[in-house]
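User: I would like to go through the aromatic contacts of this model. Could we take them step by step?
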Amino acid sequence: MPTIQLNHLICILNDEIDKDEVFLKYKGKKIWPEGIYKSVDNEEKKDIGITFEHKNVNEPMVIELWDFDYLSPNDHLGTFTMKVDEKEGGPYQTSMVLNEKRSTASYILNWEIL
């Protein structure tokens, strides 16, 4: 069972006019940040620095990126899908696949297998 470390989230282009208020989920559970969200702007990199185990190497690892909203439901911006095996490796970079076709969001996740 490989141990995954998420290193950085890089915003190429945010979804909102001002900053996005983002958080990450894995298997339906929020994994980052410790607070409610992190504000991120265009061309900004946020340190993540968390590790967890990906139990099934036969399934891709899917990390979801969400945008926090106070007055409406949170927006699922997109997903990062990674093939994970038992070998150490990386760091790798995975681009986000948009969840909403009209979104302008573009993010990259930097990660590695420990």
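User: How many aromatic pairs does the structure hold?
Analyst: This is a predicted model, and the structure holds 6 aromatic pairs. One of them joins Tyr37 and Phe68; the pair is stacked, at 5.4 Å centre to centre and 25° between the planes.
User: Where in the chain do Tyr37 and Phe68 lie?
Analyst: Tyr37 lies in the loop between strand E3 (29-32) and strand E4 (38-40). Phe68 lies in the loop between strand E6 (61-67) and strand E7 (75-82). The pair links distant parts of the chain, 31 residues apart.
User: Is Phe68 buried or exposed?
Analyst: Phe68 has a relative accessible area of 17%, under the 20% limit, so Phe68 counts as buried.
User: And why does Tyr37 count as partly exposed?
Analyst: Its relative accessibility is 25%, which falls between the limits of 20% and 50%, so Tyr37 is partly exposed.
User: What kind of pair do Phe68 and Tyr70 form?
Analyst: That pair is edge-to-face, because the planes stand at 90°, over the limit of 60 degrees, with the ring centres 4.9 Å apart. Tyr70 is exposed, with a relative accessible area of 63%.
User: Which residues do ring pairs link into a cluster?
Analyst: The cluster consists of Tyr37, Phe68 and Tyr70.
User: Changing topic, what sits over the ring of Trp66?
Analyst: The charged end of Lys25 does, 4.5 Å from the centre of the Trp66 ring.

Technical notes:
Residues are numbered from 1 along each chain as its sequence is written. This is a predicted model: local features need pLDDT of at least 70, side-chain atom pairs count only at pLDDT 80 or more; totals for chains, interfaces and linings use all residues. Side-chain values use heavy atoms; hydrogens and water are left out. Rings of Phe, Tyr and Trp (its six-membered ring) pair if their centres lie within 6.5 Å; planes under 30 degrees apart count as stacked, over 60 as edge-to-face and the rest as tilted. Helices (H or I, at least four residues) and strands (E, at least two) are DSSP runs, numbered from the N terminus. Buried means under 20% relative accessible area, exposed over 50%, partly exposed in between (1.4 Å probe, protein chains only). A charge sits over a ring if NZ of Lys or CZ of Arg is within 6 Å of the ring centre and within 35 degrees of the ring normal.
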